[in-house]
Amino acid sequence: MSNQIVEMHRLQEMVRLHRMGRGNREVAKLLSMSPNPERRYRVALQTEQLLAGCPSMLPEPEIPREAVLRQLPLPPEAAPTTSIDEWTQTITDLMADGLGPRAIYDRIRLEDKS
């Protein structure tokens, strides 16, 4: 699953189309969605029992979204790593020893053999 969840209104429309008896491929096509994400969302909505009912009595837009998030939680975003991450502790220690930015840079540059 991608890191983005389908918009609330598209999920609500998915519920409406399935309640109308439309086929899975047709729903995916009408919503400009690939079949795999359509299936994941459909299974999540079925598990939450949102696909049964009258097409004219739809749940509020946030209800299908919350249901999908319960069934398919988003993965936690990884913090981006930078080249300075490996030096954070060394820099912190040198700052605690009273060294300034230029002295820290010179110390690391002279001591680092990589």
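**View 1. Gln-71 is partly exposed, because its relative accessibility is 32%, a value between the 20% limit for buried and the 50% limit for exposed.** The model shown here and in the other views is predicted. Gln-71 belongs to helix α4, which spans residues 62-71. Beyond the neighbours within four places in sequence, Gln-71 is in contact with Ala-44, Thr-47 and Glu-48. Tyr-41 lies 30 residues from Gln-71 in sequence, and the C-alpha atoms of the two are 8.8 Å apart.

**View 2. The largest nonpolar core contains 15 residues.** Met-14, Leu-31, Tyr-41, Leu-45 and Val-68 have the most contacts inside this core. Two or more residues are given to the core by each of α1 (8-19), α3 (35-47) and α4. Helix α1 supplies the largest share, four residues.

**View 3. Leu-31 is among the core residues with the most contacts inside the core.** Leaving out neighbours within four places in sequence, the residues in contact with Leu-31 are Arg-10, Glu-13, Met-14 and Leu-17. Of these, Met-14 is also listed with Leu-31 among the core residues with the most contacts.

**View 4. Helix α5 (residues 88-96) packs with helix α6 (residues 101-111).** The angle is about 130° and the axes are 10 Å apart.

**View 5. Residues of α5 and α6 meet where the helices pack.** On the α5 side these are Thr-90, Ile-91, Leu-94 and Met-95, and on the α6 side Ile-104, Arg-107 and Ile-108. Five of the contact residues are nonpolar, one is polar and one is charged.

Definitions and conventions: Residues numbered from 1 in each chain as written. Predicted model: local features only at pLDDT ≥ 70, side-chain atom pairs only at ≥ 80, totals over all residues. Heavy atoms only, no water. Buried < 20%, exposed > 50% of the residue type's maximum accessible area, 1.4 Å probe, protein only. Contact = heavy atoms within 4.5 Å. Axes fitted to C-alpha atoms, helices over the stretch in contact; angles between N-to-C directions. Nonpolar A, V, L, I, M, F, W, Y, C, P; charged D, E, K, R; others polar. Core = buried A, V, L, I, M, F, W, Y, C linked by side-chain atoms within 4.5 Å.
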